[in-house]
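Morning, everyone. Please have a look at the model on the screen, and then I'll walk you through a few parts of it.

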Amino acid sequence: MTKQLLKSLLVDTPAGSPEGLIVRCLSQRGAISAAQISKLTGLARSTVSTALTGLRRSGVVVESYSVDEGIKGVGRPAATLALNPEAGTCVGIHLSLDEIRVVVADVSHSFIAEKTVTLGLDYPPDRAAKLTKAAIAECYDENSLPVSGLLGVGVSVSGPVSPEGVVQRASIVPTWAGVNIRDVFGPVLQQPIFAANESNCSAIAEMMWGAAVGCEDFVLFKIDLGVGGAIVQQGRLVTGIAGGAGEFGHISIDPAGDLCRCGNRGCLELYASFKRPLEQIERVKGFRVTMDDAMRMAAEGDVGALRMIEDTAEFAGRGLGIIGSIINPPLIIIGGRMALAGDMLLNPLIAAYERHTLIKSRDVTPESRTRIIKGKHTENDSLLGAVGLALSHHGMLK
Ligand SMILES: [Zn+2]
């Protein structure tokens, strides 16, 4: 079995062979049963069975009985079929304020290595590409992995990314605005590069390994020091024509409000992120307070910290009420570090959503209600989603 065979099956056209459909399905979903393959690909059980016989004989597909926990609780289920882990690997990269994180996973969705490269603020793209290449080489070397098995690299970027891979407006690293991620990383890494906005990567992580497994339609709403979002419909990310879909943080809810970092006034992010509440807690307490500190203080009964979480929830629920009236999704996943506040955040947020959206829970049957839950991978979601982007090929989960 060769890397070339797997590659040809992965890039087969959607209307292609049953083998190509099955391999792409396994690459996207990890370890699943033959029945699930049949359901997801639309192929008859007998067709799946015949194709799997050939794929197993050539070593592309193996039976997977192990349950192995990867980083932060990501693992494969038991007794299923998966791509042969020796058939190839994918790399995920997350570009953040002053560091680059790299993760390596094999095509059976086992996570093998993780590395962080620390950089100064405003690092230039070409330096990032070179250091990333070195970090990837170290990951492969330390785990005795053949670099020839690398099938693709997913890059998670803070800021909208066009379908062509151009960072439209870099919100965290200004030096990346207008940069084509594929042009920067492609020549250095010599691999297919897939790039997406970090919130879209978070949605991929939740869809592949988290709270949205098996869900084809949902909205992700990230609450952290900023607000991000993603829309998934029929198993696909809605990116918009220029990559600007799901930028919920920059819905202007007060035209006379304060100036936002995007240049508009009164953006939802100014009210529904936890940046200002943290500043207010710090002002009252007189010492530095992190998000973790604020959540711990609230859990221990600090009324000021709890009030700040509840106020954030109110604004987030109000913003989500607008999104609910536009999309009316079956599922909303709350991501970002604020999701770790759990019910302290979720209860007032759900109540606010209910007040501000058009369709009320009491008006519809339980099956037609929008569920609002917290994400599973709120701390690693962008990085996990970056490798998911490469595994799912072009970020299209179908
Ligand atoms: Zn804004």
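In which loop does Ser144 lie? Ser144 sits in the loop between helix 5, residues 125–142, and strand 6, residues 150–157. Keep in mind that this is a predicted model. Ser144 is not a glycine, yet its phi is positive, about 50°. Is Ser144 buried or exposed? Its relative accessibility is 69%, and over 50% counts as exposed, so Ser144 is exposed.

Next, Asn328. This residue belongs to the loop between helix 11 (303–327) and strand 11 (331–335). Asn328 has a positive phi too, near 50°, and is not a glycine. Its relative accessible area is 41%, so Asn328 is partly exposed.

Five strands make up an open sheet, in the order 5-4-3-6-7, with mixed pairing. Which strands stand at the edges? Strand 5 (111–118) and strand 7 (193–197) do. Each has a single partner strand, so one side of each has no neighbour in the sheet. From one strand to the next, the twist averages 15°.

Look at strand 6 and strand 7. They pair in the parallel sense, over five bridges.

Helix 7, residues 198–209, lies across strands 3, 5, 6 and 7. Helix 7 runs at about 105° to strand 7. Helix 13, residues 381–391, lies across strands 3, 4, 5, 6 and 7. Its angle to strand 3 is about 140°.

Terms used:
Residues are numbered from 1 along each chain as its sequence is written. This is a predicted model: local features need pLDDT of at least 70, side-chain atom pairs count only at pLDDT 80 or more; totals for chains, interfaces and linings use all residues. Side-chain values use heavy atoms; hydrogens and water are left out. Helices (H or I, at least four residues) and strands (E, at least two) are DSSP runs, numbered from the N terminus. Buried means under 20% relative accessible area, exposed over 50%, partly exposed in between (1.4 Å probe, protein chains only). Two strands pair if DSSP finds at least two bridges between them. Axes are lines fitted to C-alpha atoms, for helices over the stretch in contact, and angles run from 0 to 180 degrees between N-to-C directions. Contact means heavy atoms within 4.5 Å.
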